[in-house]
Amino acid sequence: MDHGTRIAIDVGGTFTDVVRLDLATGALRFEKVPTTTQAPTEGVLAAFAAAGVEPGAVSMFNHGTTLGLNALLTRTGARVAIVTTRGFRDVYLLGRTDRNVSYDITYRKPPALLERRDTFEVTERSWFDGTVGTPLDVEDARAVATRIAEGGYDAVAVAFLHAYANPANELAMRDVLAEVAPGVAVSLSHELSREYREYERTSTAVLDAYIKPIVRTYLEVLEGRLAQDGFAGRFLVSRSGGGAMTVTSAKAQPANLILSGPAGGVVGATAFSRLIGVPDLITIDMGGTSLDASLVLDHQPLMHQGAQFEGMPLNISSLNIQTIGAGGGSLAWLDDAGALQVGPASAGAVPGPAAYGRGGTQPTFTDAAVVVGHLGGDSPLGGTLRLDEELSRGALKPIADELNMGLEELARGILQISVSKITGAVRAITVENGLDPSGFALLSFGGGGGLVAVDVAHELGIPRVIVPPGQGAFSALGMLMADVQHDYARTVVTPLAEFGEDRLRHVEAIFAGMETEAGQALADEGFTPGSSALTRSLDVRYSGQEHAVSVPAPAVGPGFVDDVARVFADLHLRQYGHVQDAPVEITTFRVRAVGLIEDPELPVVARRGSGAPQPFGHRPVHTATGPVEYALHLREDLLAGDEVTGPAVVVEHTATTVLHAGDVLTVGRLGELVIDIATTSEGERA
C-alpha cells in the first residue's frame, strides 16, 4: 500500500493549481501559483516548491496541461503532412458539408491546419471488411517519404482508407517513414481510432500530429528535470476521457490530452458524488479564463464519443463538457452598439485583472466582484495576492463614464451578464437535453465558482449548491482520483437480425482481441489483473440513422440479441424520447480498460463541541437597493455541522463563496459547504 505523498498539478490559463496529499496522515494542502506560459516546465517545478515537497518524496504525480490545446488555439503547432490513399487526397480538406452555424452571415469556417500541397497520395487500398485489395507500393511510399523528409515537415499523419479494419498498410508506411524520414513524428490513424468515417479518423490523426512534437518535447524535458531532482514515482497525465494515461502513452498519443483541461474536475465531481451520496450533479468550474459545465448522472460522468475542436473532429472518447469564455479574468467591454459585454477575451495570467496590481488596466469580472464587495483585500488570494479595490474602480471608470452609470451599478451589471452566460451553459446541458435542473444539486468549484454558484442556482431553480473542499484547486484534487484508462473500438456494422451462432462467435472474438490488447497495455504499465478492469459496450442504432446509442454489452450467448434490443430501446427512449419499429444494427464494439489507482482518503472534518461559528468581520456588498452588510467567515475555521445564514461571504485560501439573504450553509463531514437556496425573495441578490 502506498503511504507516500501524491501531488497533482493542473496548469490553467491564469493560475496553476496544486494539491498535495500525504497518504499516511490524509492531510491535504492546496496552493495556487501563476501560470508561466512561456516556460511551462519552470511553472510545474515552481508548483512543487509551492506545495513544499521535493520530487524525490513523491510517489505519484498527476499532471494536467493545456500545452497541446494552446498550440491549437494559437496555431503554433508542428508543420504537418498527410499521407493518404491514392484518389482520396481531399478527404481532410473537404470534410463534411454540414453547417452548425445556420444564421450567422459572418460565419467563416476555421482555417485548416495544413494546405492541400501538404497532402500526399500513395498507392494502396484496403476494403471495409479488412481485405487488402492493393498492398502498399513500397517504392511509391519511399518517394513520398523522401519528399516529406526534404520538405521540412515536423510530423506526418498517415490515414489510409479502411485502415480501421486492417492497419497493415499504415504499419508498412510507418516503417518506410522511419527509414527515410526518421526525424519526423508519425501519427497513424488506426492507433488513435479503429472506427469508420474517414474524415473524422483523418482529422484525429492530423490533430495528434500537429501537437505531438511540442507535447512530446515538453513531457520529455519535464521527465528529465524531475528525474534529476530524484523523482522515481508514477507520472500520470490527465486525458480527455476523464481518466489518466501514463506519460509514455501521452507522448505517443497526445490527441487524448487536447480536451483534458476540465476533465480533472469532472472526475473529482464523480468521485465526490459517491463520497457524499448525491448521485446527480451539475458541475460548474470557473477559472481565470473560462467556465466549464458538465453533468454527473447516477454517480457517472456524461460521456460522448467524438468531440470537436473548432469544428475539427476528434474521434476519441471524451467528457461532455460545455465551455464558455466566462472566467475571473474575462474582460468587460462595449460593443459597436455601445452595449456592455463580458468575455470571451481574458486578461489571463499576465497582466491579469487590474486588482492584481500587475499592470492590468482593463476591467474584468474579478474587478467587478471587488467593487461590488464579493471580493476584498482582507483575505489574500493564494495567501499572498492582495486585491486592490482602487485599481479595480479605476479600471471600471471609463466604461461607467461612457454609460453614465455609477461604478457599483456597472459592476453589478458585469456580474449579472456573467451569471446569465453561465446559466445559458447549464441550460444547454440540462433543459435542452430534456433534463430538469431542479432535480440536481449544483457542485461549484474553481477559483471563481463560489462567486456565482448561488445566483446560477437561484436562476435555474436548483435547490442546493455544494462547494467541495479545496474548491479553487478541485480539478487538481480530481486528478488524484483518476484511474489509468485506455479505450479500444472496432467498427463492424452488423444488423441484429443476422446474428446466429457463427456471428456470436465472431463477436466474442472481436471483444477477446481488444481485451488481449488492453490487458497487455495495462501489464506494460505495471497493472496486474487484480488491479485492472475491462468493460464492454456497443454502439447501436436504428438502420439508416447517423448517430448511435452506447449500451452496455450483455453476455455473448443465446439471449444476446434480445438483451441488446431491450437495453437499446430503453436508452433510446431516455435520450431521444421515442422508439421506432425499425431494424436495429450494431456499428461499433468497444472495450474500456482501467488500471485501478488506490483511491485517496479525504480527511474528515472535526465537529464543534459547542457554540456557533463567529464571523471575523463584515463587509458592505452593493445590492440593487444599496449596501448590505455581509458577514465574513474564514472557511478554515468552519467545522462539520456548523451553520451559516446569509448574507455572508466565506473566504478561503484559494477561492471565495457568496451566499445571500435567506440562503443557509451547513458544513458536511468532509468540509463541503452545503447551501440550501432561499425559495422566497428574501433580501436582494447582489
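1. **Basis.** This is a predicted model; local features need pLDDT of at least 70, side-chain atom pairs count only at pLDDT 80 or more, and totals for chains, interfaces and linings use all residues. Residues are numbered from 1 along each chain as its sequence is written, and side-chain values use heavy atoms, with hydrogens and water left out.

2. **Main core.** The largest nonpolar core holds 67 residues. A nonpolar core here is a set of buried Ala, Val, Leu, Ile, Met, Phe, Trp, Tyr and Cys residues joined through side-chain atoms within 4.5 Å. Buried means under 20% relative accessible area, exposed over 50%, and partly exposed in between, with a 1.4 Å probe and protein chains only. Ile284, Ile422, Leu442 and Val452 have the most contacts inside this core. Helix H12 (residues 407-429) gives the largest share of the core, 10 residues. Helices (H or I, at least four residues) and strands (E, at least two) are DSSP runs, numbered from the N terminus.

3. **Ile284.** What does Ile284 touch, not counting residues up to four places away in sequence? The list includes Ile422, Leu442 and Val452. Also on it are Leu291, Asp292, Ala293, Val426, Leu443, Ser444, Phe445, Gly449 and Ala453. Contact means heavy atoms within 4.5 Å.

4. **H10 against H12.** The axes of helix H10 (residues 365-372) and H12 come within 8 Å and cross at roughly 130°. Axes are lines fitted to C-alpha atoms, for helices over the stretch in contact, and angles run from 0 to 180 degrees between N-to-C directions. H10 and H12 are therefore oblique to each other. The cut-offs are under 35 degrees for roughly parallel, over 145 for roughly antiparallel, 65 to 115 for roughly perpendicular, and oblique for the rest. The crossing of H10 and H12 is left-handed. A crossing is left-handed if the near helix is turned anticlockwise from the far one by less than a right angle, and right-handed if clockwise. From H10, Phe365, Ala368, Ala369, Val371 and Val372 take part. They meet Leu407, Glu408, Ala411, Arg412, Ile414, Leu415 and Ser418 in H12. By class, this contact has 9 nonpolar, 1 polar and 2 charged residues. Ala, Val, Leu, Ile, Met, Phe, Trp, Tyr, Cys and Pro count as nonpolar, Asp, Glu, Lys and Arg as charged, and the others, Gly among them, as polar.

5. **H2 against H7.** Helix H2 (residues 67-74) packs with helix H7 (residues 198-228) at an angle of about 130°, with axes 9 Å apart. H2 and H7 are therefore oblique to each other. Their crossing is right-handed. Leu67, Gly68, Ala71 and Leu72 of H2 meet Leu207, Tyr210, Ile211, Ile214, Val215 and Tyr218 of H7. This contact of H2 with H7 has 9 nonpolar residues, 1 polar and no charged ones.

6. **H1.** In helix H1 (residues 40-50), the buried residues are Thr41, Gly43, Val44, Leu45, Ala47, Phe48 and Ala50. These buried residues pack against strands S1 (5-11), S2 (15-22), S3 (27-34) and S4 (58-64), and against H7. Gly52 follows H1 and has a positive phi, near 70°.

7. **Leu177.** Leu177 sits in helix H5 (residues 168-180). Is Leu177 buried or exposed? Leu177 is buried, with a relative accessible area of 1%. Leaving aside neighbours within four places in sequence, Leu177 contacts Ala145, Ile148, Val156, Val158, Pro182 and Val186. Thr146 is 31 residues from Leu177 in sequence and 8.4 Å away in space, C-alpha to C-alpha.

8. **Cis peptide bonds.** The Gly343 to Pro344 bond is cis, with omega near 0°. Pro344 is in strand S20 (residues 340-346). Gly646 and Pro647 are also joined by a cis bond, with omega about 10°. Pro647 is in the loop between strand S29 (643-645) and strand S30 (648-651).

9. His299 is not a glycine, yet has a positive phi of about 65°. His299 lies in the loop between strand S14 (291-297) and strand S15 (300-301). Asn404, not a glycine either, has a positive phi of about 55°. The loop between helix H11 (389-403) and H12 holds Asn404. Asn404 is exposed, with a relative accessible area of 72%.
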